[in-house]
Amino acid sequence: MLYRALFQLAVLATFHGTSEGDTPAVTAPLPTAARDFLEAHNEARAAVGVEPLRWSEQVANVTSKLVRYQRDKMGCQFANLTAGKYGANQLWAHGTVVTARMVVEEWVKQRQFYNHTDNSCVPNHKCGVYTQVVWRKSVELGCTQATCVKEDASLTICFYNPPGNYVGESPY
């Protein structure tokens, strides 16, 4: 493995919710981390012919609140995402610094386990974080990362609007 780290991935397979209107386009330049998250996602999407995501400050603010809570109150443990209205991916890393691009690349590694022909994952493997990254109906992205110094860990969460990973529906 290129990066010597213990990675644990979690994603909820299905999110059902509705989008509440469009977020205005961002006019200011994006911060470096936001740009890196967005570019890495859009490279994976372009590889399968899916339209690019756009950064949403509204979605990023919701993500930021959750990640700060997990950092301040939960020691960077995985967040409970079952009640959210967004699609979501999370990555927990221990003992190493991970960049936005490294996080998305870790999620996209699941592509090798996804069979687009029959819209399934290879037996005994997961591919839900990958399919959320490339979900064609998701159009907005917001991501945040927090570091928990005491735990020597970080937690990264990305939210997708509208959500993806509907059972029986192909991501692209």
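## Terms and basis of the model

A disulfide is counted here when a pair of cysteine sulfur atoms lies within 2.5 Å, and the structure holds three of these links. The model is a predicted one, in which local features need pLDDT of at least 70 and side-chain atom pairs count only at pLDDT 80 or more, while totals for chains, interfaces and linings use all residues. Residues are numbered from 1 along each chain as its sequence is written, and side-chain values use heavy atoms, with hydrogens and water left out.

## The three disulfides

When the bonded cysteines of the chain are numbered in sequence order, they pair as 1-5, 2-3 and 4-6. Cys76 and Cys148 form a disulfide with their sulfur atoms 1.9 Å apart, and this link is right-handed, with 85° about the S-S bond. The pair joins distant parts of the chain, 72 residues apart, since Cys76 lies in the loop between helix H2 (57–74) and strand S3 (87–94) and Cys148 in strand S6 (residues 140–148); helices (H or I, at least four residues) and strands (E, at least two) are DSSP runs, numbered from the N terminus. Both Cys76 and Cys148 are buried, where buried means under 20% relative accessible area, exposed over 50%, and partly exposed in between, with a 1.4 Å probe and protein chains only.

The sulfur atoms of Cys143 and Cys158 are 2.1 Å apart in their disulfide, and the torsion about the S-S bond is about 110°, so this link is right-handed. Because Cys143 belongs to strand S6 and Cys158 to strand S7, the pair ties together parts that are 15 residues apart in sequence. Cys143 is buried, at a relative accessible area of 7%, and Cys158 is also buried, at 0%.

Cys121 and Cys127 form a disulfide with sulfur atoms 1.7 Å apart, and with -85° about the S-S bond this link is left-handed. Cys121 is partly exposed, with a relative accessible area of 32%, whereas Cys127 is buried at 3%.

## Backbone features

Most residues other than glycine have a negative phi, and most peptide bonds are trans. Asn119, which is not a glycine, has a positive phi of about 50°; Asn119 lies in the loop between strand S4 (114–115) and strand S5 (120–121) and is partly exposed, at 26% relative accessible area. Asn124 likewise has a positive phi, near 65°, and is found in the loop between S5 and helix H4 (128–133), where Asn124 counts as exposed at 82% relative accessibility.

A cis peptide bond, with omega about -10°, joins Asn161 and Pro162, and Pro162 is placed in the segment after strand S7 (153–161).
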